[in-house]
Amino acid sequence: MSAPVNAGVEPVAVVPRSRGAGLFRTAWGFGRTRVGVALTGLVVLIAVVGPFVAPYTPTEFVAKPFETGVDGTLFGGDNRGRDVLTRFLWGGWTLLLLAGASAGIGVAAGTVVGVIAGYRRGWLDDVLMRVSDVLLAFPQLIAALLVMSIIGPKVWLIVAVIAVSHMPRVARVIREATRKVIEQDYVKAAEAIGLPRWRIMAVEILPNVTSPLLVELGLRLTYSIGVVAVLGFLGMGLQPPTADWGLMINENRQGMAVQPWAVALPVTAIAVLTIGANLITDGLSRAAIGIDRGVEK
Amino acid sequence: MIRLIVVRLLFGALTLWAVSLVVFAATQALPGDAAQMILGRDATPARVEVLRDQLNLHEPVAVQYLQWLQGLVQGDLGTSYSNRLEVTEVLAKPVLSSLTLMGLAAVAATPVALVVGAVSALRRDRAFDHTSSMGTLVVASIPEFVVGILLILLLGPGGLGWFPSVYSREGGPDQWVLPVLTLAFAVAPPIIRMMRATMIEVLESEYVQQARLKGVDERAVLWRHAAPNAIGPVAQVVALQLAWLAGGVVAIEFLFNFPGVGKVLMDAIENRDVPLIQAVVLLIAGIYILVNLLADVIGLAANPKVRVANR
């Protein structure tokens, strides 16, 4: 781990940044990472470009409820008679934004907690980890549902709840990684010359836990997409008349037998997105640890 | 080892208590008060006042919490707001249905997953292994309700039409197929992966090599030397997956309109039925903690270092 994989080829391998670059390069070497990037890219493209190319506005009525084969629509109308294609093209960016924000905040907070707990040890470590254990006692979805049902579905709340539920899981992993790093000589050297603790944590430890950090980010992003989508599906996420893939599935599942498109399109998009994100994560984790599903090759 | 288990158990109880505190505090944040909720908007102030007395709403929050906790320990979960039945009464049948559903899913998924994992390990890096590895990666990444909808689109009324997609009271046993299948797909991938990884590790170990070298029949090597050593970690993953089922079942029950605890929770949220929400969340968290604890204990018991040391 201490020697970057591309140390021989890259003369600038000493600069901390190149460690990440090496990780990405190794990960890119796996075919599955490329497939993952292609799949994720496709869905992200649809979500970002979609609103600009949609033929109608998301709340415009163009057909009868659940009507298919209407002139001027590709996939017919949804439960209210709004254009399915338009709502599909509009419904992606909210999911991406919420999932990205919650994964980002959760991983950042979890990293801070993990590094502090791993480096400081002692009572602070104990307190932080025991609090994590209590947070871990709630299944992610149940915690989100409890909060949503009481305060009501609000956008910032969705992000906050998912981020908090990610935090202890990330903290555990980063704490483990930190404990391995602090055994190294350079950390002891930094302590010996009297660097302040926060600098040791930010400059000596953090750059050396980037590999597990990136893997965690990928993993948490995949889970966030799932939780945001399932909250929408349960009617506890974004509220109507927003066009959102999860909500779209909830609204249109009653008419699934007559108008499958209104469900099939968002479902396929969510499936492809999560598969893509997970393939990238798998590639990253293989590159990071050089192991194959828990077994050293 | 017994000391370690006792410590875990105590910690589990402590966690459960912390969870009860969180659930109670969360429901305290609700606007309006319980008496008004039960009686509805057009109740006279006098009646609301009487009920407030009965529910001890005049007491300080800490006293209310202790009373609630006391009831909880005695198995009294309060009265549901929406239909004024005892919560335990409302929950009895759904809990049974949910447990049956989870049990069926576990029974369907576990043996298949173990066999697939073991065969992958034996056929390592061949076509079967690659297919199952890719398959588990793909299935594990998709949210479980999406798996359910894909199954409905494929096998339900709109697709091949083999199985009904909505649970109804009059329906036959075939309406169980899709929910069970969905949950089985959700729990299987981690079990397959763990089984594969553990089997590979065991097959490469020195004691298995030794058994082979001394000329033991390959089948005996597998069943007497390899498999027993793979049980510990795999059993732990199976337990963790069962714990996951406790929370994962909510979206699936909502999707298939299955009358279990998940459905009760969603209905309770719809009606803002606080005692019912509290009870279901506590129940799910309780099962989750308990099964996680079980996984911990299995992990400890299967680890020879722990088993033999400080007996």
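UniProt places a "signal peptide" at residues 1-25 of chain B, in an unreviewed entry; its positions follow the numbering used here, feature names are shortened, and annotations may be inferred rather than shown by experiment. Over residues 1-25 of chain B the chain is 96% helix and 0% strand, with end C-alpha atoms 36 Å apart.

A quick word on the model: it is predicted, so local features need pLDDT of at least 70 and side-chain atom pairs count only at pLDDT 80 or more, while totals for chains, interfaces and linings use all residues. Residues are numbered from 1 along each chain as its sequence is written, and chains are lettered from A and ligands numbered from 1 in the order in which they are written.

Staying with chain B, take helix H7(B), residues 144-155. Helices (H or I, at least four residues) and strands (E, at least two) are DSSP runs, numbered from the N terminus. Because 10 of its 12 residues are buried, H7(B) is largely enclosed by the rest of the structure. Buried means 20 or more other C-beta atoms within 10 Å of a residue's own, with C-beta atoms placed from the backbone. Among those buried residues are B:Glu144, B:Phe145 and B:Gly148.

Now for chain A:

| Item in chain A | Value |
|---|---|
| Helices | 12 helices |
| Strands | 2 strands |
| Buried | 51% of 297 residues |

Where the chains meet, the contact takes 37 residues from chain A and 40 residues from chain B; two residues are in contact if their C-beta atoms, placed from the backbone, lie within 7 Å. On the chain A side, H12(A) gives the most, with 11 residues.
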